[in-house]
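Here is a short report on one protein chain. It starts with a single side chain and then widens to the fold, an annotated site and some backbone details.

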Amino acid sequence: MTSCHVTKDSIKKVAIFGGTHGNELTGVFLVKHWLENGTEIQRTGLEVKPFITNPRAVKKCTRYIDCDLNRVFDPENLGKKMSKDLPYEVRRAQEINHLFGPKDNEDSYDIIFDLHNTTSNMGCTLILEDSRNDFLIQMFHYIKTSLAPLPCYVYLIEHPSLKYATTRSIAKYPVEVGPQPQGVLRADILDQMRKMIEHALDFIHNFNEGKEFPPCAIEVYKIMEKVDYPRNENGDIAAIIHPNLQVTFAVSLKYSK
C-alpha cells in the first residue's frame, strides 16, 4: 500500500482511550498514569486528552457491565433518549459522543487512540479501516519505522458498506493497538504500547509543523477466510493450535496503488 498525499488540515485535538473493555489493563494503566502526569504525551499546539471510557467495567475488571461499549456507537443507540432504563454502556456511549464527537461531525476530535489488548498473539498491531486514508498510512509507516526492529503490523478491516460502531469511530481518524491477555498487566506489552503512542504523537507534531513526508509503502494484513477447529461427532473441539502456528498472524495481502 502506498501513499503520496496527506490532508492539509492540521490536527488539533487527540484523545487516548483506555478501558473501553475494563479487563484490558494496558490502556487502563497508561491512561491513569497520563491523567496523573501527562508530560510525555503533550505536544506544542496539540490538545491531548487521556480518558477512561468504561470506569464501571474497569472497577470490576470485566469486559463490560450490560453490553459491549465497543459495539454501540451506531446512530440508533446514540440517538436514543437518555434514560436510566438504557444499558449502562449505551448511556456511556452517548456521554462519550457528546464529549469527543459528535460522530461524523467537523467538531469531533481529530484522532482517537483506543488502547486494546487481545489474547491473540498479534504483536504490536495498528488497525486501519480505510485504505485510502493517506494520513493514517503515513502515520502507521512512521510508527512502524520508529519501532523497528520490533515488528508492528497493520490490520486492514476495510468494508465498502459497513459502518463501524466502535468507540474510536467517533473520530475522523480511528486507531487501535494491542495485544495482551485480559486481566493481566505485562511490562513488555505496556512498554510497546507506550512507545507506539509516543511515536504517533511525534508524527502528528511533525505534520502540524509542516514537515513533508515522501511516498511510502506499508504491508497490511487482512482476513481472507475463517477456519474452524476440527470437531468430533458431538461438535466438541478435537484439536488445538500447533505451537509453530501459534505465533502467526493471519494471511498477508500487500497492496500497491
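## A buried arginine

Leaving aside neighbours within four places in sequence, R91 is in contact with R56, M82, S83, K84 and L86. Contact means heavy atoms within 4.5 Å. R91 sits in helix 4, residues 88-100. Helices (H or I, at least four residues) and strands (E, at least two) are DSSP runs, numbered from the N terminus.

Which side chain of opposite charge is nearest to R91? D66 is, 5.0 Å away. R91 is buried yet has no salt bridge. Buried means under 20% relative accessible area, exposed over 50%, and partly exposed in between (1.4 Å probe, protein chains only). A salt bridge is a side-chain nitrogen of Lys or Arg within 4 Å of a carboxyl oxygen of Asp or Glu. For charge, Lys and Arg count as positive and Asp and Glu as negative; His and the chain ends are not counted.

## Model and fold

The model is predicted: local features need pLDDT of at least 70, side-chain atom pairs count only at pLDDT 80 or more, and totals for chains, interfaces and linings use all residues. Residues are numbered from 1 along each chain as its sequence is written, and side-chain values use heavy atoms, with hydrogens and water left out.

The protein chain has seven helices and 10 strands. It holds 257 residues, and 49% of them count as buried. Among contacts with a separation of 6 or more, 78% are between residues 24 or more positions apart.

## Surface

The accessible surface of the protein chain is about 13,800 Å². Carbon and sulfur atoms account for 51% of that surface. Areas come from the Shrake-Rupley method with a 1.4 Å probe; for residues, only the protein chains shown count as cover.

Y229, I237 and I241 make a nonpolar surface patch of about 260 Å². Patches are made of residues with over 30% relative accessible area and no salt bridge; like charges are joined within 9 Å, nonpolar side chains (Val, Leu, Ile, Met, Phe, Trp, Tyr) within 5 Å. Y229 lies in the loop between strand 9 (220-221) and helix 7 (243-246). Its relative accessibility is 36%, so Y229 counts as partly exposed.

## Annotated binding site

An unreviewed UniProt entry places the feature "binding site" at H21, E24 and H116. These positions are spread over 96 residues of sequence, but they cluster in space, with a largest C-alpha distance of 7.5 Å. UniProt positions are given in the numbering used here, feature names are shortened, and annotations may be inferred rather than shown by experiment.

Is E24 buried or exposed? E24 is buried, because its relative accessible area is 3%. E24 lies in the loop between strand 2 (13-18) and helix 1 (25-36). Beyond its neighbours within four places in sequence, E24 is in contact with R63, H116, N117 and Q182.

## Backbone details

Most residues other than glycine have a negative phi, and most peptide bonds are trans. A cis peptide bond joins G101 and P102, with omega about 0°. P102 is in the loop between helix 4 and strand 4 (111-115). The peptide bond from A148 to P149 is also cis, with omega near 10°. P149 lies in the loop between helix 5 (134-147) and strand 6 (152-156).

C61 is not a glycine, yet its phi is positive, near 50°. It lies in the loop between helix 2 (55-60) and helix 3 (75-78). D104, not a glycine either, has a positive phi of about 60°. D104 is found in the loop between helix 4 and strand 4. At 72% relative accessibility, D104 counts as exposed.
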